[in-house]
Amino acid sequence: MKYAFMALIPALLCLSCKNNGNSLRSDTENFNYNVEHFADLGILRYQVPDWDSLSVNQKQLIYCLNEAALYGRDIIYDQNNRYNLAIRRTLEAIYDNYRGDRDSKEFQDLTVYLKRVWFSNGIHHHYGEEKFLPAFSKGFFTEAVCSLDASLLPLRKGETIDAFFAEIIPVMFDPDLYAKKVNQDSRLDVIVASANNYYGEDVTQKEAENFYNALKSPSDTTPVSYGLNSRLVKKDGVLTEETYKIGGLYSEALTKIVYWLQQAKQFAETAQQNKVIDVLIEYYQTGDLHTFDQYAIEWVKDTESRVDFVNGFTESYGDALGIKASWESIVNFKDPRAEKLSKMLGENAQWFEDHSPVDSIFKKKQVKGITFKTIEVSILGGDCYPATPIGINLPNSNWIRKDFGSKSVTISNITEAYDKAAAGNGFLDEFVCCDYEKELMKHFGAQTDNLHTDLHECLGHASGQLLPGVDQDALKVYGSTIEETRADLFGLYYIPDAKMLEYGFLNDSNAYKAQYYKYMMNGLMTQLSRIELGKDIEEAHMRNRALIAYWVLEHGQADNVVEIRKENGKSYVFINDYGKLRTLFGQLLAEIQRIKSTGDFRAAQKLVETYAVKVNPELHKEIKERYDQLNIPPYRGFVNPVYELVKDKKGNVIDVKVSYKEGYAEQMMRYSKEYSTLPSYND
Ligand code: ZN
């Protein structure tokens with residue numbers, strides 16, 4: 001499983017309880033996170049802030065695993081649709097060689113279309129699944145193709161250019177052909193109606209279901225993931241699997257991947273990691289799903305290595321039947337912050353519990369913080385590139401999860417990039433009035449956001465206890481809002497604590513104010529940008545933020561702690577007393593914990609219904625209008641860093657350098673040249 005694509009959700013507004021991130025690095029101030037923006041897509045850049053905390057050996061290991069990640073790129077194109085590679089290569093040939101007017105609207109439209117194809121690994125929208133259509137004309141396309149040397153085109157053997165056009169043009173331009181990559185409409189044959197390439201063109205849903213049901217045995221308690229790594233086709237009328245393996249389908253790409261996995265082995269950190277790589281290689285060589293399960297088990301067991309990776313046919317979201325897996329890769333290493341956090345938790349979890357403003361009868365006598373794993377990615381590949389998840393939880397096999405556990409991580413440098421990119425898109429200028437807070441948020445926004453999330457996760461949810469006899473579910477529909485409110489308040493109450501400076505999570509005693517301001521601004525105003533006009537607040541995290549913000553606004557009124565005031569016709573949040581704001585957070589925390597511990601349903605209902613559901617329609621409309629004119633793209637993806645071996649005079653590798661200069665088209669064209677492995681047609 002992967003969680004939460006940041007689609008549709010501006011990062012600055014969205015730190016759900018699953019998000020986590022990284023501390024501020026002093027060298028990130030001038031890093032440009034925003035690369036470019038076209039159609040409904042924003043391209044961002046991420047940093048690998050702790051790269052230099054790795055040993056040269058670890059860096060070389062990552063280098064090899066990165067190469068293995070990039071060599072699988074063509075696979076996902078072919079899995080998404082059988083024509084994707086041919087279309088990508090045709091467009092790239094035009095992009096590289098077109099001698100006509102490159103400033104013309106038609107050429108520009110072709111460039112945007114190509115960029116969208118790169119983003120989606122094919123001709124269908126990565127999120128909406130629908131085919132997007134070119135804005136340029138068929139006439140322009142044929143003219144541009146005809147102006148190229150035929151050797152540059154992905155023609156089939158002996159294929160004429162007319163036959164090529166007859167095949168490719170409808171795939172690109174006809175809205176009804178291959179209209180949706182994955183079609184889940186239960187009234188249709190979901191296999192026939194889906195444009196992906198996991199099944200032969202003449203295979204029906206019924207046939208596929210029967211084929212795989214026949215393989216399953218109800219008495220098998222450790223079943224393999226039948227069908228995971230193959231295309232199901234008909235040969236002479238008989239259903240058969242074309243397995244993804246060396247010597248089978250996608251052999252050319254898998255051969256390269258295995259080569260780089262073999263290279264990686266010499267740098268393995270532990271015997272267990274070495275074993276993981278060995279079993280994965282064996283799986284790619286045989287395509288045997290029992291070997292895949294063995295690999296998954298060994299992978300789960302490898303908890304010691306700092307470097308880790310996913311490389312394989314993993315997630316089945318791309319198949320309407322959820323059987324076939326798309327190829328993806330992520331290479332990562334443990335974030336050093338994770339260790340700092342567990343140290344602080346180990347030494348202080350009880351102290352935080354004992355010193356919270358909650359009534360002592362609701363406190364845990366022995367609190368154990370929850371350890372939280374964060375990683376930094378070094379490369380995104382296959383189905384994880386350029387659009388990427390912010391967290392991964394693998395393996396997917398249920399019995400392996402039950403018997404051997406799973407690894408669940410959040411990707412700190414990706415969430416950090418989302419957050420920092422938002423600072424550069426005009427959002428702060430539009431919604432923050434005072435320069436003081438604007439500066440605080442620029443410097444400490446990401447740092448305190450991530451710290452708040454850590455405290456929320458590791459201490460907030462772990463704190464407090466129910467009184468004996470109180471039903472866990474006593475708060476019913478209000479339960480999750482109250483629980484999130486509790487965890488958020490615990491974090492808000494402790495973020496100004498001196499321990500945050502002492503352990504080096506923050507480096508300025510005013511830094512916490514960035515989180516206070518952002519939290520209040522979000523809860524009172526800016527999260528409304530994500531709600532349709534006329535609708536109430538529904539989602540538990542959004543409700544909990546509104547609850548806290550509006551309760552504090554009301555209860556601080558007498559002392560004018562917080563206010564919403566108009567300046568030049570626009571509403572802004574003003575915080576007039578940060579100290580009192582903390583006291584109010586503490587008061588509300590005590591009350592929320594009482595509600596939770598005693599199961600006071602009526603009080604929970606009253607708080608949520610009073611502060612967290614209804615929105616002020618006038619403010620809502622204003623916020624939406626101001627947000628919309630910022631023109632922030634709803635979907636985002638990333639370019640990867642570039643890694644380069646540094647050698648001494650004798651040719652020995654002495655370091656691996658990371659750089660962040662490569663542009664989006666530049667990177668895609670380079671990948672297409674250096675990592676292109678598969679034929680244009682794999683049928
Ligand atoms: Zn939570």
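## Histidine 461 and the zinc site

Histidine 461 counts as partly exposed because its relative accessibility is 21%, where partly exposed lies between buried, under 20% relative accessible area, and exposed, over 50%, for a 1.4 Å probe and protein chains only. Histidine 456, by contrast, is buried, with a relative accessible area of 3%. The zinc ion is coordinated at 2.1 Å by His456 (NE2), His461 (NE2) and Glu484 (OE), and these donor residues follow the spacing H-x4-H-x22-E in sequence. Donors are N, O and S atoms within 2.8 Å of the metal (3.2 Å for Na, K and Ca), and since water is not among the atoms, sites may look incomplete.

The model is predicted, with local features requiring pLDDT of at least 70 and side-chain atom pairs counting only at pLDDT 80 or more, while totals for chains, interfaces and linings use all residues. Residues are numbered from 1 along each chain as its sequence is written, and side-chain values use heavy atoms, with hydrogens and water left out.

## Packing around helix α3

The axes of helix α3 (residues 84–97) and helix α4 (residues 105–120) come within 10 Å and cross at roughly 140°; axes are lines fitted to C-alpha atoms, for helices over the stretch in contact, and angles run from 0 to 180 degrees between N-to-C directions. The two helices α3 and α4 are therefore oblique to each other, the class left over once angles under 35 degrees are taken as roughly parallel, over 145 as roughly antiparallel and 65 to 115 as roughly perpendicular. Residues in contact (heavy atoms within 4.5 Å) include Arg88, Leu91 and Tyr95 of α3 and Phe107, Leu110 and Trp118 of α4.

Helix α3 also packs against helix α5 (residues 138–146), at an angle of about 70° and with the axes 10 Å apart, which makes α3 roughly perpendicular to α5. Here Thr90, Leu91 and Ile94 of α3 meet Phe141, Ala144 and Val145 of α5.

## Methionine 669

Methionine 669 is found in helix α23 (residues 664–674), helices being DSSP runs of H or I with at least four residues and strands runs of E with at least two, numbered from the N terminus. Methionine 669 is buried, with a relative accessible area of 9%. Leaving aside neighbours within four places in sequence, methionine 669 is in contact with Glu92, Tyr95, Asp96 and Trp118.
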